Amino acid sequence: MNTNIRIRYTKTLVAFFTLYSSLITFSSCADLEQDPVSSISTDTFYSTEAELTVAVNGIYEVFTEDGFYGIFNNQSVYFGDLQTDYVKAGANTNSAHIREISNFAIQPTNLFVIDAWNEHYRGINLANQLIDKLDASNNFSEEVKSRFANEAKFLRAVYYFNLVRYFGGVPVVLHSSESEGRSRNTLDEVYQQIVSDLKDAEHIPASITGNDGRATSGAATALLSKVYLTWAQTSPTLDEATKRSYIQSASDYASRVINSGKYALLDKYIDNWSVDKKNGPEHIFSIQHDRTVNANVSGHCTFAMLWSDSEPVLITTSTKYWEEADPRDQRRDGSWAKRLYNPNTGEDFVFKVPLFRKYIDSLNYAAYGNSAGQSTNTTYLRYAEVLLIKAEAENELNGPTQAAYEALNAIRRRAYWSPYAQAELTPSDGTPVELSGLSQEEFRKAVRDEYWKEFIIEGHRWLDLVRWHTLVKTVKESWLAHGGSADDLKYKNISKKNYLLPIPSDQITLNPNLVQNWGYNGETTGDPYPEEN
């Protein structure tokens, strides 16, 4: 990579040791007697299991560092939702970097892009450091070394999975001694490493996975299903037989999660974001937030203006999305806030433009004001997604099989279940809750519709449209259908270059072996992406 990444990684390690005693989520060794920060040496640090726990916790800590620009503070939602049809930067957004993302005008100097590259590699470097030290250590049994190494590999896989979807092929660095001047690996090589790490992570023992927010073998299996499906859909070099085998792997890994009996859909959809119901049976892997330690800034960005019609940082592009949502589908009121109880007046406030609901902390917004939602976890993998992966993969392989219908209809049954009436409702348009008799293409559209409804403002939409090869078409068609103008920047600017983010300009300056992604040097022809569906 470059020395810049190395330096920032060192700062992260020291900063984590400083913060460690105050961390709530990963504080199982809070009674550890630590040397002063100035005396800690990574050459001698890894000598006890307590020190290994501190080190692995440091890998998690990168998920939420850097505040506003952090990976799972704002970054994932800004890339995954703001770069789509249904979200825009609100009127009070004063950041040019946010408006670049909103208007599909993102530059290689964008701070979110720069921080995404640096933060992900900082997490990777921390994982590499731990894995290398364990490999060379004689202080621990093979069982202990494997346990901590496999947890670090899971986290390294998460970092690389984000990077490959954001930037395409990136340099694969597996040892802390590897650094400067690395060229970009191919997309397939990055995915091969992700799969290798996750297969190792499936051996994380159940005995150490009791702490909320820690990687689990089930999380590794679930992520493998998503990785294989995404790899098959986005690689430009795989032959059809290999693509099919990877989609089959996606289906098989999803089945293992479903059949494990470890996870279940919550009856009440909005409970997935309730601060008093964190890490429930639907949460396979979540990023842990506490407003006093590592706040989730998405709550601020969707509710900063409180009970007013002044636009927050992130707002929907059109009220039609709310109007089109079925009021009998509990995901409407779980995803959108058209009205919200105002404790200052004792009455509901009705918004002219619905806000995004998931990061509004209904238990604490009266006390915390525009900090509401900052203790809400970021869910990286939910059981609902595994069901949709199963349905999608089965359909792509064999058409709408019974297994595909079972997975998709489980999502729909929960959507139309009323947790208040304890009864299943029927869709307002008279169609049945449980689908049947669809063609392969009809089922494909139904699955994609459920993805959209299920994962509003969860950082999925852009990545889904990219892997389906429908980004430009969907944004343009949806923009006009929902009242947007062809003169609007979102409509005018979007092109296939938006299938990836630009490589940060400072990285290319530091490492001339890095090549910029297509379109960000002004290219308008010869794009490397498949035709849109």
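How many aromatic pairs does the count come to? It comes to 40 in this predicted model, where rings of Phe, Tyr and Trp (its six-membered ring) pair if their centres lie within 6.5 Å. The model is predicted, so local features need pLDDT of at least 70 and side-chain atom pairs count only at pLDDT 80 or more, while totals for chains, interfaces and linings use all residues. Residues are numbered from 1 along each chain as its sequence is written, and side-chain values use heavy atoms, with hydrogens and water left out.

**View 1. The ring pair of Phe 63 and Phe 285.** The ring centres are 6.4 Å apart and the planes stand at 70°, so this pair is edge-to-face (planes over 60 degrees apart; under 30 is stacked and the rest are tilted). Phe 63 is in the loop between helix H2 (49–61) and H3, and Phe 285 is in strand E2 (residues 283–287), 222 residues apart. Helices (H or I, at least four residues) and strands (E, at least two) are DSSP runs, numbered from the N terminus. Phe 63 has 2% relative accessibility and counts as buried (under 20% relative accessible area; exposed is over 50% and partly exposed in between, with a 1.4 Å probe and protein chains only). Phe 285 is also buried, at 2%.

**View 2. The ring pair of Tyr 86 and Tyr 321.** With centres 6.2 Å apart and planes at 65°, these rings are edge-to-face. Tyr 86 lies in the loop between H3 and strand E1 (87–89), Tyr 321 in helix H11 (residues 320–324), so the pair ties together parts 235 residues apart in sequence. Tyr 86 is buried, with a relative accessible area of 0%, and Tyr 321 is buried at 6%.

**View 3. A cluster of rings and a charge over Tyr 380.** Ring pairs link Tyr 60, Phe 63, Phe 72, Phe 154, Tyr 159, Phe 285 and Tyr 380. Lys 226 lies over the face of Tyr 380, 6.0 Å from the ring centre (NZ of Lys or CZ of Arg within 6 Å of the ring centre and within 35 degrees of the ring normal).

**View 4. The largest cavity.** It holds about 150 Å³ of space; a cavity is a set of points on a 1 Å grid over the protein atoms alone where a 1.4 Å probe fits but cannot get out. A volume is the space filled by probe spheres set on the points, which are joined across faces, edges and corners. Of the 13 residues lining the largest cavity, Phe 72, Ser 76, Tyr 380, Glu 458 and Gly 459 lie nearest its centre; lining residues have an atom within 4 Å of a point.

Technical notes: On a 1 Å grid over the protein atoms alone, a cavity is a set of points where a 1.4 Å probe fits but cannot get out, and a pocket is an open set with protein on both sides within 12 Å along at least five of seven lines; lining residues have an atom within 4 Å of a point.
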